[in-house]
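Here's a quick briefing to read alongside the model.

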Amino acid sequence: MNQIIIDVTRLEPRQKHPAVFQAFDNVEDGHAVVIHNDHDPKPLYYQLLGERGNTFSWTYLHQGPEIWQVEIRKRQADEETVGELAASDTRKAEYFRKLGIDFCCGGRKTLTEACMEKGLDVMKIRQDLHNTQRQPSLGPQLDFNSFTLAFLCDYIVNVHHGFVQQQLPLIEELCQKVAAHHGDHYPFLQEVYELFYRLRCELLTHLKKEEQIVFPSIRLLESGGSAIGFDSIGDPLVLMEQDHDQAGEILHSIRRLTQGFTVPAGACNSMRLLYHKLQLFEEDMFQHVHLENNILFPKAAELDRKRAAQAP
Ligand SMILES: [Fe+2]
Ligand SMILES: [Fe+2]
């Protein structure tokens, strides 16, 4: 596979991002640009996502502390991402869930990339995915793809934002109590509490941004209007996805610290309850972000592109 390597540490600051954009635009579909840097180039990821959309994968080849190497691969035009596959059929989503393939914050990866990352045989996975269509549907599932965007916004607010707002204070209080009582024996509990506290602060701000700006803008777009306070809905959507990634990283750290929510032998009931609630919270966040990243936001961006194309 062809790739272009750019050592951005050798470039003037104002040349860095334009040089990567130019290389990315010139590279053929399926090929990659690899960048070398002396710090995490994550801001470039969000700029690329905002300006080129879901046309690339972003894979860290080396992550600090002194050197960062990232492979930015241009997607083939016909390659579906795991997020798109999961959004198309709940049986496929369930299959990914069983394999531990992240179709939520990791949903922009192609099937090939996700399989390579997990060491899975992509041909077999493709066949299994095809076979899921012969399986009966998973009971009375909601067909989110058939919802209007306004209805999907209402659903997300009522079901997922409601759950988050109800659970955040309860879990935070429980985290604090368990860390205070058992922190001597399990020192990681204090870190779990601090991480959850950060998650609470970030999520409450995030929900407000969605409910006051992003979702009303999507409802307006759907009824023929335009986004509130922005030329395009693309920028706020990228910011929302950035928040999702941060929340995903915090939840990932909590999962790692608690050994995948495995309750230590002899743990008290409060600790059991905490682990159970943390796991339910993670599951709900996963579905919540899946609905936004893989269904609501791509459809809103598509509507916005059509509106822009029709503008005089
Ligand atoms: Fe949300
Ligand atoms: Fe969100």
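**Fold at a glance**

The chain has ten helices and four strands, where helices (H or I, at least four residues) and strands (E, at least two) are DSSP runs numbered from the N terminus. Reading from the N terminus, the order is β-α-β-α-β-β-α-α-α-α-α-α-α-α.

This is a predicted model: local features need pLDDT of at least 70, side-chain atom pairs count only at pLDDT 80 or more, and totals for chains, interfaces and linings use all residues. Residues are numbered from 1 along each chain as its sequence is written, while chains are lettered from A and ligands numbered from 1 in the order in which they are written.

**Size and packing**

- A compact globule of 312 residues would have a radius of gyration near 20 Å, and the chain's 21 Å agrees with that (taken over C-alpha atoms; the rule is 2.2 Å times the number of residues to the power 0.38).
- Along the principal axes, the C-alpha atoms fill a box of roughly 60 × 50 × 45 Å.
- Of the 312 residues, 28% are buried (20 or more other C-beta atoms within 10 Å of a residue's own; exposed is 12 or fewer, partly exposed is in between, and C-beta atoms are placed from the backbone).
- Among contacts (C-beta atoms, placed from the backbone, within 7 Å) between residues at least 6 apart in sequence, 69% join residues at least 24 apart.

- The G64 to P65 peptide bond is cis, with omega near 0°, and P65 sits in the loop between β3 (56-63) and β4 (68-74).
- Q259, in the loop between α9 (234-257) and α10 (269-310), has a positive phi of about 55° despite not being a glycine. Q259 is exposed, with 11 other C-beta atoms within 10 Å.
- F261 also lies in the loop between α9 and α10, and has a positive phi of about 60° without being a glycine. F261 is partly exposed, with 16 other C-beta atoms within 10 Å.

Methods
Two residues are in contact if their C-beta atoms, placed from the backbone, lie within 7 Å.
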